[in-house]
Amino acid sequence: MATVTLKGNKINTSGNLPDVGSKAPDFLLTANDLSTKSLTDFSGSRVVLNVFPSVDTGTCAQSVRQFNTEANELENTKVLCISKDLPFAHARFCGAEGLENVISLSDFKSGAFGKDYGVDFTDGPLEGLLSRSIVVLDENGKVLYTEQVQETVDEPNYKAALEVLY
């Protein structure tokens with residue numbers, strides 16, 4: 001279990017992010033077209049998992065925008081933006097913002113991603129949603145970098161996350 005804060009108040013997650021150097025857990029998530037995507041669908045590409053509570057909050061929306069901009073400069077890299085928002089909310093947001101360099105995925109069906117990656121909130125006002133986190137993987141699904149943002153309203157360290165890809 002990890003402890004982070006929301007506006008200074010402690011909240012807990014179900015576990016911890018995968019260890020750097022370990023193989024990332026596979027997942028089944030729902031894409032905007034309602035198809036199912038797994039980590040193996042992205043094998044051969046480097047992957048950035050941008051995990052957040054909801055695209056309908058300011059910080060989460062900014063992280064999707066920022067990674068959309070950054071993704072344009074990354075070779076052989078897919079940026080997956082993951083929350084429990086319905087795929088329709090992801091599609092609406094990315095469509096309205098003109099964001100085409102990120103892939104939106106939802107953990108709304110089973111919540112298994114949140115549990116397997118240790119990022120689902122187990123208490124507090126965001127209970128059931130996903131903790132703001134970044135996981136960067138190499139082409140073979142090995143974890144290169146992780147960050148669970150300690151204060152949920154803060155943005156992740158984009159620079160540190162992306163430096164492992166250069």
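Strands are DSSP runs of E with at least two residues, numbered from the N terminus, and two strands pair if DSSP finds at least two bridges between them. This is a predicted model, in which local features need pLDDT of at least 70. Residues are numbered from 1 along each chain as its sequence is written.

**Exercise 1.** Find which residue of the β1 and β2 hairpin takes a positive phi.

*Solution.* Start with the pairing: β1 (residues 3-6) and β2 (residues 9-12) run antiparallel over four bridges. T3 has N12 in β2 as its bridge partner. Two residues lie between the strands, and K7 takes the positive phi, near 55°.

**Exercise 2.** Work out the strand order of the open seven-stranded sheet and name its edge strands.

*Solution.* The order is β4-β3-β7-β6-β5-β8-β9, and the pairing is mixed. β4 and β9 (143-148) each pair on one side only, which makes them the edge strands. On average, neighbouring strands are turned by 30° against each other, direction ignored. Within the sheet order, take β5 (residues 46-51) and β8 (residues 133-137): they pair in the antiparallel sense over five bridges. Here L49 stands opposite V135 in β8.

**Exercise 3.** Locate L34 and state whether L34 is buried, partly exposed or exposed.

*Solution.* L34 sits in the loop between β3 (28-31) and β4 (36-38). Buried means under 20% relative accessible area, exposed over 50%, and partly exposed in between (1.4 Å probe, protein chains only). L34 has 43% relative accessibility and therefore counts as partly exposed.

Note on methods:
Predicted model: local features only at pLDDT ≥ 70, side-chain atom pairs only at ≥ 80, totals over all residues. Heavy atoms only, no water. Axes fitted to C-alpha atoms, helices over the stretch in contact; angles between N-to-C directions.
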